[in-house]
Structures are given as C-alpha cells and as structure tokens.
Amino acid sequence: MNKIQQRAAKRAAVSVATGVMFYLMVSNPRSLRTLPATHAVMIQFNVNATAWAIEDACNWMLSLQDSCRHPYSGRPYVSSIACGKDSSPEDPEDGPTYVVVAEFETDGEKDYFVHKDPAHLEALREIEPLIEKATVLDYSNALI
C-alpha cells in the first residue's frame with residue numbers, strides 16, 4: 001500500500017469512527033444528559049428580611065434534600081444542598097449575600113427540581129417575598 005492509499009485509509013477510518021460516535025449520540029440523546037448537574041442560586045435578600053426569616057429560608061432550602069422525592073420511585077433524588085452566607089475576604093459585591101447550591105446525578109433530575117418538584121416550588125413561593133434579586137447558574141459537571 002502506497003502513502004496515498006494509507007492516507008485515504010486513515011481518513012476513511014476517522015470518518016467511520018466519527019459517524020459511529022455521532023450516530024450513538026443522536027440515537028441516544030439521554031447519553032448526553034447523564035453527567036452530574038448543579039443548580040446554583042446567588043441571593044440578595046430585601047432590606048425588610050429579618051435575620052430570623054433568612055435563617056428559616058436557608059433551613060427550608062436545606063430540607064429540600066430530604067423532602068424532594070422522585071416522582072416515580074419516591075426516593076430522595078437531590079444529591080446534596082448547601083446554603084451559606086458570603087464570607088469572602090474580598091470587598092463585597094453589590095448584591096448577593098447568600099448562595100444555595102444543589103447537586104443532582106443527572107440534568108433531568110435538576111430540570112425536574114427546577115420546574116416541577118412540588119416541595120421546591122412551594123419553598124420558592126414562600127421564600128420569594130424575601131428576595132430582592134436572584135441569579136441562577138445551572139451547569140453540568142463537564143468542560144464542554
């Protein structure tokens with residue numbers, strides 16, 4: 001086999017491998033959504049929110065790890081939830097002073113939590129009057 005034939009064979013092999021990978025990804029979209037997922041919310045409470053109300057709100061958010069249940073299995077599905085006050089030694093930014101971070105095994109579980117979970121939606125309705133501004137960042141634990 002000459003060099004031209006070798007290069008053509010390599011290109012064909014790469015093309016086939018790329019096609020197989022693309023087929024597998026397209027034929028099974030869930031395979032792209034099984035990475036762990038994180039839902040982070042930076043919160044600025046309004047000036048009328050008392051320290052007691054903020055503490056209650058944080059405790060309620062923390063309790064979601066146990067109260068949020070998978071709609072079919074009934075098992076808790078939130079891997080972890082953390083809530084805390086900014087303690088950065090850097091000059092404070094104008095805005096958020098608290099953060100809530102929830103982790104999930106899959107992006108689908110995170111989506112259910114955000115849009116449909118009754119316990120989470122109830123917590124949001126109760127806590128919303130205390131919030132001046134919230135910034136949400138959802139991401140899967142992958143580089144791309």
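1. Does Tyr98 count as buried or exposed, and at what relative accessibility? At 17% relative accessibility Tyr98 counts as buried, a term that here means under 20% relative accessible area, with exposed meaning over 50% and partly exposed lying in between, for a 1.4 Å probe and protein chains only.

2. A word on the basis of this note: the model is predicted, so that local features need pLDDT of at least 70 and side-chain atom pairs count only at pLDDT 80 or more, while totals for chains, interfaces and linings use all residues. Residues are numbered from 1 along each chain as its sequence is written, and side-chain values use heavy atoms, with hydrogens and water left out.

3. The chain has four helices and four strands, which follow one another along the sequence in the pattern α-β-α-β-β-α-α-β; helices (H or I, at least four residues) and strands (E, at least two) are DSSP runs, numbered from the N terminus. Of the 144 residues in the chain, 24% are buried. Taking contact to mean heavy atoms within 4.5 Å, one finds that 72% of the contacts between residues at least 6 apart in sequence join residues at least 24 apart.

4. Helix α2 covers residues 51–67, and because its 17 residues at 1.5 Å a residue should span 24 Å, the 24 Å between its end C-alpha atoms agrees with expectation; the expected span is 1.5 Å times one less than the number of residues. Its buried residues are Ile54, Ala57, Cys58, Met61 and Leu64, and these pack against β1 (37–45), β2 (78–85), β3 (98–104), α3 (107–115) and α4 (118–127). As background, an α-helix has 3.6 residues a turn, so residues three or four places apart point the same way.

5. Rings of Phe, Tyr and Trp (its six-membered ring) pair if their centres lie within 6.5 Å, and planes under 30 degrees apart count as stacked, over 60 as edge-to-face and the rest as tilted. By this rule there are four aromatic pairs. One of them joins Phe45 and Tyr98 edge-to-face, at 5.3 Å centre to centre and with 80° between the planes. This pair links distant parts of the chain, as Phe45 is in strand β1 and Tyr98 in strand β3, 53 residues apart. Phe45, at 11% relative accessibility, counts as buried.

6. Tyr77 and Tyr112 form another edge-to-face aromatic pair, 5.8 Å centre to centre with 65° between the planes. Here too distant parts of the chain are linked, with Tyr77 in the loop between α2 and β2 and Tyr112 in helix α3, 35 residues apart. Tyr77 counts as buried at 3% relative accessibility, and one aromatic cluster is formed by Tyr77, Phe104, Tyr112 and Phe113.

7. Helices α3 and α4 pack at an angle of about 45°, their axes being 6 Å apart. They are therefore oblique to each other, the class left over once angles under 35 degrees are taken as roughly parallel, over 145 as roughly antiparallel and 65 to 115 as roughly perpendicular. In this contact Tyr112, Phe113, Val114 and His115 of α3 meet Pro118, His120 and Leu121 of α4.

8. Two histidines complete the picture. His120, in helix α4, is buried at 3% relative accessibility and, not counting residues up to four places away in sequence, touches Met61, Leu64, Cys68, Phe113 and Val114. His70, in the loop between α2 and β2, counts as partly exposed at 23% relative accessibility; leaving aside neighbours within four places in sequence, His70 is in contact with Arg75, Tyr77 and Glu109.

Note on methods. Axes fitted to C-alpha atoms, helices over the stretch in contact; angles between N-to-C directions.
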